[in-house]
Amino acid sequence: MADKTDIASFYKTKNILGESFNPMHTSRFSEIPSFMRAPVVRDLSQVDIGIIGIPYDGGLTCRTGARMGPREVRNQSSMMRAINVVTGVRPFELARVADIGDVHFGNMFTLDEAVLDIERYYDAVAAADVLPLGIGGDHSVTYPILKALANHHDEPLAVIHIDSHTDTWPAYQGSKFHHGAPFRLATEEGLIDPYKTIQIGIRGGQNFADGLNYSSDKGMRVISIEEFDDLGWREVAAEARRVVGNSPTYLTFDIDGLDPVYAPGTGTPESGGITMREAQRLLRELRGVNLIGGDMVEVSPPLDLSGITALNGATIAFEMLCLIAEQVSSA
Ligand SMILES: [Mn+2]
């Protein structure tokens with residue numbers, strides 16, 4: 001854990017005149033659009049939290065384009081501030097937060113190898129004790145992420161999963177790797193504990209019963225959008241905290257968990273979803289959960305005509321960053 005001086009100097013860089021400046025303190029439309037305007041750093045030794053792009057959408061079953069997600073979320077995330085005005089959390093003063101670039105793919109048209117590429121990257125991140133905040137990419141990327149992270153823990157991980165789909169479907173089109181399956185694969189391989197997994201906002205999916213039955217049969221707590229509506233964000237957050245307890249917990253937010261009003265630019269939108277404000281309040285209520293990382297996935301810029309999905313995706317990622325930064329500073 002770095003001290004305050006280390007953290008402050010971490011964000012400083014020099015312009016071509018040799019003048020020292022913090023890019024996060026310049027105009028938000030200027031400079032290179034890294035995630036949240038954090039410095040782009042490839043040496044993980046000085047980093048507490050690494051925001052990492054995963055420009056991969058080979059797992060999509062329907063409308064494509066999420067491979068462009070990291071780039072556009074970087075752009076829209078320039079609108080994020082240094083402080084969470086509601087909670088007062090200043091993530092960039094609590095931790096050294098960096099944009100650590102993108103996962104590189106060698107053979108992105110071969111699903112098995114793409115999965116390995118993601119796992120290798122995340123293994124390096126975990127080995128360096130950097131907490132990852134991933135920006136997808138489609139939701140298939142979460143399986144190799146969980147695989148890498150689970151390797152660095154003694155027990156299966158707990159999961160808080162916000163989505164319109166359970167993503168526990170069987171193989172599709174001859175492949176078990178797709179964006180509707182990461183939590184089934186993770187359960188089968190013992191990477192996550194289904195009894196410590198909660199799925200929030202569920203309301204859709206092809207052969208709906210397949211995924212839903214799998215999640216329920218394995219012991220996951222599934223909160224449909226109907227139940228979310230009845231309980232409200234505060235009760236749902238309390239239920240999430242109860243389910244994960246003090247276990248190391250991964251937080252994964254599929255942007256299609258939001259109503260398409262807030263997130264039209266995504267591969268498999270489902271009407272009648274969570275509002276942006278409910279999502280923010282739900283996430284803020286998760287302060288103190290033992291988070292080991294998270295991701296925000298499924299923003300698809302080619303389907304996102306106004307940029308609102310990328311802006312809301314960046315905003316969700318910022319709320320997650322605040323949670324993880326508090327986690328770092330309390331460690
Ligand atoms: Mn999903």
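Residues are numbered from 1 along each chain as its sequence is written, and side-chain values use heavy atoms, with hydrogens and water left out. Because the model is predicted, local features need pLDDT of at least 70 and side-chain atom pairs count only at pLDDT 80 or more, whereas totals for chains, interfaces and linings use all residues.

The manganese ion has as its protein donors His139 (ND1), Asp163 (OD), Asp167 (OD) and Asp254 (OD), which lie 2.1 to 2.3 Å from the ion; donors are N, O and S atoms within 2.8 Å of the metal (3.2 Å for Na, K and Ca), and since water is not among the atoms, sites may look incomplete. Along the chain these donors follow the spacing H-x23-D-x3-D-x86-D. Histidine 139, in the loop between β5 (131–136) and α5 (142–150), and aspartate 167, in the loop between β6 (157–162) and α6 (182–188), are 28 residues apart and link distant parts of the chain; helices (H or I, at least four residues) and strands (E, at least two) are DSSP runs numbered from the N terminus. Both histidine 139 and aspartate 167 are buried, where buried means under 20% relative accessible area, exposed over 50% and partly exposed in between (1.4 Å probe, protein chains only).

The loop between β5 and α5 also holds glycine 137, which is joined to glycine 136 by a cis peptide bond with an omega of about 10°.

Threonine 309 lies in helix α11 (residues 308–330) and, with a relative accessibility of 0%, counts as buried. Leaving aside neighbours within four places in sequence, the residues in contact with threonine 309 (heavy atoms within 4.5 Å) are Ile255, Tyr262, Ala263, Pro264, Gly265, Val299 and Asp304.

Helix α9 (residues 233–244) packs against helix α10 (residues 276–284) at an angle of about 40°, with the axes 9 Å apart; axes are lines fitted to C-alpha atoms, for helices over the stretch in contact, and angles run from 0 to 180 degrees between N-to-C directions. The contact is made by Trp233, Val236 and Ala237 of α9 and by Glu278, Arg281 and Leu282 of α10.
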